[in-house]
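Thanks for coming, everyone. Let me put the model up and walk through it residue by residue, then step back to the whole chain.

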Amino acid sequence: MAFWYANQQLCVRWMSTFSRFFTTTNGTRQGSILWPYLFSRYIRELLYEVVQSKCGCCIGDMMLNVLAYADDIVLLAPSWRAIQDLMHWLNKLSTNVDMTCSTKKTVCMVFQPKQHKKILWLSFPFLTLESECLQYVSSLKYLGHAITSTLINDIYIQRKIRNMFMRTNMIVRRFSQCSLDVKVLLFKSYCICLYEAALWSTYNSGTISKLAACYNRCIKTVFGFRRSKSVIILVCIIARLFSCVLG
C-alpha cells in the first residue's frame, strides 16, 4: 500500500477526452472495497472514545451507544440530554481527526415506550449539531432497511410487495420465451429478495397476507398458470418439471 500511494497516478475523463496524469497520495477510488476497511480503522479510536463515555443504553449487561458501518453512524441514548451530550462528544472527536459531521444528512428519531403510562413527554426540543438544529423524522433508511419510530415493519413490507410486482413484470416482459430452469433461477434470485425478513419483528397480519397474495400472483404470472390454480399444486408441478429438465 505504501508503494501504491507513493506511485499511483490519476487522470480525469470527460466524455472521450482525458486530462494529463497527476499524482495523488491519499484517498481511495469510488466503490473501492478497501475504503470501508481503511475508514473503520481510521475512526476506531473515535468510536472507542464514544463507547468509553458510558453514556448510552444498557441492553443486558452491555453498554450500547454507537453503531457504525463505515461512515453510517447511529447514536443511541435513553434521554434527550444523553443523546445531545453524545452528539457534542462525537463532534469534538471528529474535529480531532479532521472530520466533520454532516448536519444535512443527520436526523433524529424518538422511540416511545410501548406502555403508555411510561411515556413522559410527547415532544422534545430540537437537538443541535454544530449550532444547527436537526430534524425529527418518523422513518428512515439505514443500510437499506427501513426503520420507523413505532418499530412496525409494514412500510418496508409494502415496499417489498411493490418491488416483487415490478420485477415480476420485467421478467415476463423480457424472458417469457426462456426455458423453465432459467425462469426458476430468475424468479428465485431476482423476485424473491427477502433476505431482510429476519428483521421483521412487528407487523400487521393484513400486510403479511398481502405479501403472500403477491407471491402467489407473481409465481403464477411468471410460469403462465391461471389465477385459479392452487399454488401448492403449481409448486409441485414446477419442481417435477424442473427435476425432469435436470435429469
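Start with Asp61. It is exposed, because its relative accessible area is 88% and the cut-off for exposed is over 50%. Keep in mind that this is a predicted model. Where does Asp61 lie? It is in the loop between β5, residues 57–59, and β6, residues 62–64. Now look across to Thr221. Asp61 and Thr221 are 160 residues apart along the chain. Their C-alpha atoms are separated by 51 Å.

Some background on phi first. Most residues other than glycine have a negative phi. Met15 has a positive one, near 60 degrees, and Met15 is not a glycine. Find Met15 in the loop between β2, 13–14, and β3, 17–18. Buried or exposed, this Met15? Exposed, with a relative accessible area of 66%.

Ser131 also carries a positive phi, about 65 degrees, although it is not a glycine. Its loop runs between β10, 128–129, and β11, 132–133. Ser131 counts as exposed, at 77% relative accessibility.

Now to some buried positions. Take Thr24. Its loop sits between β4, residues 22–23, and α2, residues 34–42. Thr24 has a relative accessibility of 15%. The cut-off for buried is under 20%, so Thr24 counts as buried. Which residues does Thr24 touch, not counting those up to four places away in sequence? Tyr5, Gln8 and Leu10.

On to strand β14, which covers residues 145–148.

His145 first. At 11% relative accessibility, His145 counts as buried. Set aside its neighbours within four places in sequence. His145 is then in contact with Leu140, Asn153, Tyr156, Glu196, Leu199 and Trp200. Pick out Glu196 from that list. His145 and Glu196 are 51 residues apart in sequence. In space, C-alpha to C-alpha, the two are 7.5 Å apart.

Now Thr148. Its relative accessible area is 9%, and Thr148 is buried. What does the side chain of Thr148 reach at 3.0 Å? The backbone oxygen of Ile152. Again, leave aside neighbours within four places in sequence. Thr148 is in contact with Met109, Phe111, Ser138, Ser139 and Ile155.

Helix α7 runs over residues 205–223, and Phe223 is found in it. Phe223 counts as buried, with 13% relative accessibility. Phe223 and Lys183 are 40 residues apart along the chain. Their C-alpha atoms are separated by 7.6 Å.

Let me step back to the whole chain. How many helices and strands does the protein chain have? It comes to 8 helices and 14 strands. Why call it more spread out than a compact globule? Because the radius of gyration is 25 Å, well over the 18 Å that the globule rule gives for 247 residues. Along its principal axes, the C-alpha trace spans about 65 × 65 × 35 Å.

Burial next. Of the 247 residues, 25% count as buried. Thr24, His145, Thr148 and Phe223 are among the buried residues.

Contacts, then. Take those in the protein chain with a separation of 6 or more. Residues 24 or more positions apart account for 52% of them.

Surface and charge to finish. The accessible surface of the protein chain comes to about 17,800 Å². Carbon and sulfur atoms hold 59% of that surface. How many positive and negative side chains does the protein chain have? There are 29 positive and 12 negative. The centres of the two sets lie 18 Å apart.

That is the tour. Happy to go back to any of these residues on screen.

Key. Residues are numbered from 1 along each chain as its sequence is written. This is a predicted model: local features need pLDDT of at least 70, side-chain atom pairs count only at pLDDT 80 or more; totals for chains, interfaces and linings use all residues. Side-chain values use heavy atoms; hydrogens and water are left out. Helices (H or I, at least four residues) and strands (E, at least two) are DSSP runs, numbered from the N terminus. The radius of gyration is taken over C-alpha atoms; the globule rule is 2.2 Å times the number of residues to the power 0.38. Buried means under 20% relative accessible area, exposed over 50%, partly exposed in between (1.4 Å probe, protein chains only). Contact means heavy atoms within 4.5 Å. Accessible areas come from the Shrake-Rupley method with a 1.4 Å probe; for residues, only the protein chains shown count as cover. Lys and Arg count as positive and Asp and Glu as negative; His and the chain ends are not counted. The place of a charge is taken as NZ of Lys, CZ of Arg, CG of Asp or CD of Glu. A polar contact is a pair of N or O atoms within 3.5 Å; within protein, one must be able to donate a hydrogen and the other to accept it, and residues adjacent in sequence count only if both atoms are side-chain atoms.
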